[in-house]
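Subject: Structure handover

Hi,

Here is the structure I promised to pass on. Please open it alongside this email and follow the notes below.

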Amino acid sequence: MTILRRIAIPCLLLLMGATIHAQTFETGGLVGAQYEMKIIKGWHWNAESQLRFDHNFTHYDRWKVSVGTDYTFWKKRIKVGASYSLMNYQDDEGIFDWRHRLTGALTFAYKASSWKIAYRAAFQWTFRDEKRGSYRFNPKSYMRNRVSFSYSIPQKPLKVYIAEEFWWRLYHPEKKIIDHLRTTLGLEYNINKHHTLDFHVRSDNEVQVNNPTHILYLGVKYSFD
């Protein structure tokens, strides 16, 4: 576990620093489950659901269910995928809002021994319900860029990882800026060949916007195939 401590402690300090730099911030929780099914070699179908809480774990913020497919090729180094998400939000006044999201992604990964580095570029479009009112921009479109590093501990069913992601705003013709940063530090535990638990800490930070929010999430996700 010496290697694990050497990796996790500096990353955790970096993660906390990214959030605590803000004057005020809050905490929240993430609970999710994911299922993946192999269709043919390299091609998979997946489904995922997630509950998100904010205001220091006291407020239901969002429920999301997603379905998607992806195809991996070239020695498992390149993956292309697409997904659809249905999301239910609740604002601070208790009003619920339904949204729809389409995402297309391209991932390049390289693995050397127990180490792996991956870069993912994703384009997403989020549609809001016009029946609730008119919106200046609908859908809201982003390019999301994520870089991740992971290390599988030899002879242990454990993998540690850290990821950094930023949102590049595309929907506003005059303000195509980066307005959201996300840092994630996690630990995956392989229960067996088909079942995995993922424990993670995630720092979400809005930037270059008025009244930015800064939230530190604690999350757990169960994956099976």
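Start at tyrosine 89. The charged end of arginine 99 sits over the ring of tyrosine 89, 4.0 Å from the ring's centre. Bear in mind that this is a predicted model. Arginine 77 does something you can look at next: it lies over the face of tryptophan 74, at 5.1 Å from the ring centre.

Tryptophan 74 also leads us to the strands. It belongs to the turn of the hairpin formed by E3 and E4. That hairpin has 4 residues between its strands, and tryptophan 74 has a positive phi of about 50°. E3 and strand E4 (residues 78-90) run antiparallel and pair over 12 bridges. Pick out one of them: aspartate 70 has glycine 81 in E4 as its bridge partner.

Now go to the other partner of E3. Strand E2 (residues 43-54) pairs with E3, again in the antiparallel sense, over 12 bridges. Here glutamate 48 is bridged to serine 66 in E3. E2 and E3 make a hairpin too, with 4 residues between the strands. In that hairpin, histidine 55 takes a positive phi near 50°.

Next, the aromatic rings. How many aromatic pairs does a search of the whole structure find? The count is 10. Take tyrosine 60 and phenylalanine 96 as one of them. Their centres are 6.2 Å apart, with 40° between the planes, and the pair is tilted. Why does this pair tie together separate parts of the sequence? Tyrosine 60 lies in strand E3 (residues 59-73), while phenylalanine 96 lies in strand E5 (residues 96-112), so the pair links parts that are 36 residues apart in sequence.

A second pair to check is phenylalanine 137 with tyrosine 171. The ring centres are 5.2 Å apart and the planes stand at 55°, so this pair is tilted. Both residues are in loops. Phenylalanine 137 is in the loop between strand E6 (115-128) and strand E7 (140-152). Tyrosine 171 is in the loop between strand E8 (158-169) and strand E9 (178-192), so the pair ties together parts 34 residues apart in sequence. Is tyrosine 171 buried or exposed? Its relative accessible area is 13%, so it is buried, the cut-off being under 20%.

Finally, find Tyr35, Trp45, Tyr222 and Phe224. These residues form one aromatic cluster.

Best wishes

Conventions: Residues numbered from 1 in each chain as written. Predicted model: local features only at pLDDT ≥ 70, side-chain atom pairs only at ≥ 80, totals over all residues. Heavy atoms only, no water. Phe/Tyr/Trp six-rings, centres within 6.5 Å; stacked < 30°, edge-to-face > 60°. Helix = DSSP H or I, 4+ residues; strand = E, 2+ residues; numbered from the N terminus. Buried < 20%, exposed > 50% of the residue type's maximum accessible area, 1.4 Å probe, protein only. Lys NZ or Arg CZ within 6 Å of the ring centre and 35° of its normal. Pairing = 2+ DSSP bridges.
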